[in-house]
Amino acid sequence: MKSTVLFSLASVLLLSGCSQQIQSTSAPSQAITSFYDYQLLSPAGSPLSLSALPQEIIDADVILIGEWHTHAAIHRFQTDLFKQLSATNPKLALSMEQFSRNKQTVVDEYLSGKIGEQTLMSDANAWPNYESDYRPLVEIAKAKGRDVIAANAPKPIVKCIGQQGISYVDKLDIDEKSWLAKNIDLSDSPYKSKFLASMHHGDEEQTQKQFAAQMTWDATMAESIVNYLALHPKAQIMHIAGKFHIENGLGTAAQIVKLNPKLNVVVISPIEKASNEDSDYQLEVLTPPKRFVKQENMMKAYKAIKNRNHDLVCK
């Protein structure tokens, strides 16, 4: 899906050198029988092979890959695609929701060999599943000399925005503000409607504050990607983020196009069942196990998260 057709949910060189070798062809459908299996599908639902990617993906400025954060098959696909693209594109960059802007120096130091992995994980606040799910991507980038963009806004600041609303940004100093997107648009949009519809707990005022936190994530990741491309106009970026942030051309995808309508953006979203009505490229994987069966267990988990967030000291 190109930016001209992006509609209303964690870092681009045009692959001219390989466009003559890789053509858009269908591939035999792969059986999805385990949580390591995946099948890339076109928006029409046709199976695709990584060795014969559609020209739209090859020519994209930005490839956004949504994920369920601990799904092994999705992380395997991300690694396989990044490896495939890296083989022919020397200016491919990886952009990650999992690292925030204020940790970019730490990420760069790791890529250049100045620090080890344990220091990266501790000093850059790596996610708990870094070693199992994100290490393969970062190690490919390191081995091939690819940039890794720490694209996100710092989690403590985002959590405080979720508590106090977007006005919390006014309390930040100059450096802290630079870690966030300059423009965080909270106006009505299809994405806002989708977000509000997904919230089944909390009052209206608190939900609006939580949307401000969500948009801080989306706008900051989008700005990080667009800023990188402005400095590296012949680069291609593969960005990984949670599915909600990018699917159907919303969230981060829409913010990228808003900042630079000329960019060609492709969205790849994980799905539980193939559909020929989806506007995104689809990644068919097994459905994640149901998180909660009992209502009381779900509410207990929400309460624990709420209490943990209240322990955060905001300005």
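The axes of α8 and α9 come within 10 Å and cross at roughly 125°. An angle between 115 and 145 degrees is neither roughly perpendicular nor roughly antiparallel, so α8 is oblique to α9. The crossing of α8 past α9 is right-handed. Keep in mind that this is a predicted model. Why quote an angle and a distance? Two packed helices are described by the angle between their axes and the distance between the axes.

Now look at the residues where the helices meet. From α8 come Tyr191, Lys192, Phe195 and Leu196. On the α9 side they meet Thr207, Gln208, Gln210, Phe211, Gln214, Met215 and Asp218.

Next, turn to the aromatic rings. The count comes to seven aromatic pairs. Take Tyr38 and Phe77 as one example. Their ring centres are 5.3 Å apart and their planes stand at 70°. Planes over 60 degrees apart count as edge-to-face, so the Tyr38 and Phe77 pair is edge-to-face. Tyr38 lies in the segment before β1 (39–41), while Phe77 lies in helix α2 (residues 72–86). The pair therefore ties together parts that are 39 residues apart in sequence. Both Tyr38 and Phe77 are buried.

A further pair brings us back to the crossing helices. Tyr191 and Phe211 form a tilted aromatic pair, 6.3 Å centre to centre, with 50° between the planes. Tyr191 belongs to helix α8 (residues 190–198) and Phe211 to helix α9 (residues 204–231), so this pair links parts 20 residues apart in sequence. Are these two residues buried or exposed? Tyr191 has 4% relative accessibility, so Tyr191 counts as buried. Phe211 is buried too, with a relative accessible area of 1%. Tyr191 and Phe211 also belong to one aromatic cluster with Phe195 and Phe244.

Charges meet rings here as well. The charged end of Lys194 sits over the ring of Phe244, 4.4 Å from its centre. Elsewhere, the charged end of Lys142 sits over the ring of Tyr110, 4.0 Å from the ring centre.

Finish with Ile63. Ile63 is found in strand β3 (residues 62–67). With a relative accessible area of 0%, Ile63 is buried. What does Ile63 touch, leaving out residues up to four places away in sequence? Ile63 contacts Ile57, Leu81, Leu85, Gln236, Ile237, Met238, His239, Val266 and Ile268. Now compare sequence and space. Ile63 and Ser95 are 32 residues apart in sequence, yet their C-alpha atoms are 9.8 Å apart.

Note on methods. Residues are numbered from 1 along each chain as its sequence is written. This is a predicted model: local features need pLDDT of at least 70, side-chain atom pairs count only at pLDDT 80 or more; totals for chains, interfaces and linings use all residues. Side-chain values use heavy atoms; hydrogens and water are left out. Rings of Phe, Tyr and Trp (its six-membered ring) pair if their centres lie within 6.5 Å; planes under 30 degrees apart count as stacked, over 60 as edge-to-face and the rest as tilted. Helices (H or I, at least four residues) and strands (E, at least two) are DSSP runs, numbered from the N terminus. Buried means under 20% relative accessible area, exposed over 50%, partly exposed in between (1.4 Å probe, protein chains only). A charge sits over a ring if NZ of Lys or CZ of Arg is within 6 Å of the ring centre and within 35 degrees of the ring normal. Axes are lines fitted to C-alpha atoms, for helices over the stretch in contact, and angles run from 0 to 180 degrees between N-to-C directions. Angles under 35 degrees count as roughly parallel, over 145 as roughly antiparallel, 65 to 115 as roughly perpendicular and the rest as oblique. A crossing is left-handed if the near helix is turned anticlockwise from the far one by less than a right angle, and right-handed if clockwise. Contact means heavy atoms within 4.5 Å.
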